[in-house]
Amino acid sequence: MAYDTQPKASHFVDGAYLEDTAGELIEVIYPATGEVIARVYAATDAVIEAAITSGRRAQAQWAAMSGTERGRVLRRAADIMRERNHELSVLETFDTGKPLQETLVADATSGADALEYFGGLAGSLTGEHVNLGGDWGYTVREPLGLCVGIGAWNYPTQIACWKGAPALACGNAMIFKPSETTPLCALKVAEILHEAGAPAGLYNVIQGMGAVGGKLVTEPRVDKVSLTGSVPTGRKVYAAAAEGMKHVTMELGGKSPLIVFEDAEIDNAVGGAINGNFYSTGQVCSNGTRVFVHSSIKDAFLARLKGRMAGIVMGDPQDEATNIGPMVSQRQRDIVEGYIAKGKAEGATLIAGGETPEGAGFYIQPTVFADVTDEMTIAREEIFGPVMAVLTFDDEAEVIARANATEFGLSAGVFTRDISRAHRVIGQLRAGSCFINSYNDAPVELPFGGVKASGVGRENSKAAIEHYSQLKSVYVRMGDVEAAF
Ligand code: NAP
């Protein structure tokens with residue numbers, strides 16, 4: 001392989017690569033071939049200790065700098081990421097199997113957006129003066145301290161930056177633990193931040209499975225935990241963080257509704273459903289996997305969808321013509337195959353896909369089921385793979401109630417030409433990140449996150465600042481102190 005996917009060492013701690021082969025071996029598998037492309041080791045207690053000690057030291061140094069100085073480092077890191085976009089995208093494709101066609105525009109670029117945006121905000125983070133009628137008060141916006149980021153495997157570069165950029169902008173340090181499935185990309189983020197001038201130890205990356213994440217979450221010297229992962233992991237991490245009274249952000253799973261009314265522009269709605277189910281081979285938390293189509297346009301919708309699926313190019317993800325790559329792992333493909341089997345067994349109509357291609361790599365065909373009912377497993381559980389469930393509805397109030405009848409609440413989308421209906425329906429959907437006549441856009445300027453079991457807190461936008469800083473309030477008396485005795 002021409003591209004060297006083996007990192008210099010497993011961890012990036014205190015401004016340098018760090019190895020400790022006493023940790024458990026993690027083999028990094030290229031999802032397109034099943035080959036081992038790198039080997040890293042889970043963090044030992046010694047590595048965790050080095051990350052915590054250097055993180056706390058760097059945080060004190062970093063918080064003493066002005067916001068403008070901190071912002072300059074983040075914006076420089078954004079520039080380096082953009083300059084290195086091609087190389088970083090190739091690595092992201094090796095790490096995840098996502099097609100280069102996507103990674104070139106959605107991963108390092110979105111990480112750079114976050115670094116640039118929060119770098120721009122850093123100098124303007126302030127408290128306020130409060131007039132108290134003679135006396136007065138003021139607030140100081142302070143960092144939380146040492147933050148821990150724990151990532152899922154679907155967007156390793158983006159997640160590392162979406163957590164790191166606001167944390168650092170606010171004057172915190174971060175220890176980031178990538179998913180054991182995709183350990184490579186976050187190391188590059190750490191390298192780039194260091195090259196951009198971040199003090200050694202400010203952004204440490206350490207590898208490991210859930211156990212390493214668990215140690216970080218229960219560590220008393222950690223002040224905040226931000227997790228991107230599944231709801232079951234979120235429940236565990238949230239509970240463990242609560243024990244230490246730590247701040248949390250939880251970016252968890254979903255089973256989001258995408259509602260297509262009878263007056264929708266069908267090609268746009270089909271495009272939205274494709275983006276919301278098959279991008280990144282369906283491994284996107286906010287996907288609109290329950291596609292509710294008005295019964296009067298069901299046949300037209302399915303016909304257009306089937307036609308557009310002829311444009312699928314599944315294959316080598318490093319080939320820029322490929323638009324569907326493999327699943328991230330054998331394990332994830334097995335899970336998706338299980339759901340496809342359940343869809344068939346429970347009586348949904350298979351419209352497209354459903355097969356696992358022969359040969360190497362964890363490929364699976366993008367799959368569409370129609371005649372799905374609310375009770376079927378594929379309409380209730382997060383699949384996290386390229387499986388679209390098409391359901392029908394007749395009435396606005398009915399579809400809103402059915403769309404909301406889930407424990408999740410990450411995203412929701414509506415396609416209609418009726419602007420009043422679009423806003424009325426979105427207003428009643430219980431979801432954090434919503435779309436009108438679009439699906440799955442996630443610009444850094446808009447808050448991203450879920451309600452109900454899908455999460456707590458928000459990433460991106462000014463809202464993220466609230467989750468990485470706290471206010472100290474100071475009362476200033478101008479006169480004498482009155483006391484009872
Ligand atoms: P996961 O199994 O929940 O793992 C997420 C991360 O948590 C991994 O790094 C994992 O480590 C770690 N972890 C597991 N148990 C832990 C514990 N007890 N304490 C601390 N850390 C622990 O999720 P995944 O399979 O990687 O990712 C898919 C899920 O992420 C889906 O549900 C998807 O919807 C969700 N997701 C949500 C968003 C969002 O922004 N809302 C974005 C992307 C993905 P190891 O896996 O290495 O053991």
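Here is a tour with a few stops, starting with some ground rules.

This is a predicted model, where local features need pLDDT of at least 70, side-chain atom pairs count only at pLDDT 80 or more, and totals for chains, interfaces and linings use all residues. Numbering runs from 1 along each chain as its sequence is written, and side-chain values use heavy atoms, with hydrogens and water left out.

**Stop 1: the ligand**

Select the ligand and what surrounds it: 28 residues, the closest being Gly151, Glu180, Ser230, Thr233 and Glu382 (near here is a heavy atom within 4 Å). Now look for polar contacts (pairs of N or O atoms within 3.5 Å; within protein, one must be able to donate a hydrogen and the other to accept it, and residues adjacent in sequence count only if both atoms are side-chain atoms). Glu180 uses a backbone N or O atom, 2.7 Å from a ligand oxygen. Thr233 comes in with a side-chain N or O atom at 2.6 Å from an oxygen of the ligand, and for a side-chain N or O atom of Glu251 the distance to a ligand oxygen is 3.4 Å.

**Stop 2: a seven-stranded sheet**

Next, pick out the open, mixed sheet of 7 strands, ordered β14-β15-β16-β13-β12-β17-β18. Strands (E, at least two residues) and helices (H or I, at least four) are DSSP runs numbered from the N terminus, and two strands pair if DSSP finds at least two bridges between them. β14 (349-352) and β18 (433-436) are the edges; each has a single partner strand, so one side of each lacks a neighbour in the sheet. Zoom in on β12 (257-260) and β13 (290-294), parallel partners over 4 bridges, with Pro257 bridged to Arg290.

**Stop 3: two helices**

Show α5 (108-122) and α6 (156-169), whose axes come within 8 Å and cross at roughly 5°. Axes are lines fitted to C-alpha atoms, for helices over the stretch in contact, with angles from 0 to 180 degrees between N-to-C directions. The pair is therefore roughly parallel (under 35 degrees; over 145 is roughly antiparallel, 65 to 115 roughly perpendicular, the rest oblique).

**Last stop: a three-stranded sheet**

Finish at the open antiparallel sheet β5-β6-β20. β5 and β6 (135-143) run antiparallel, joined by 4 bridges, and Val130 sits opposite Gly137 in β6.
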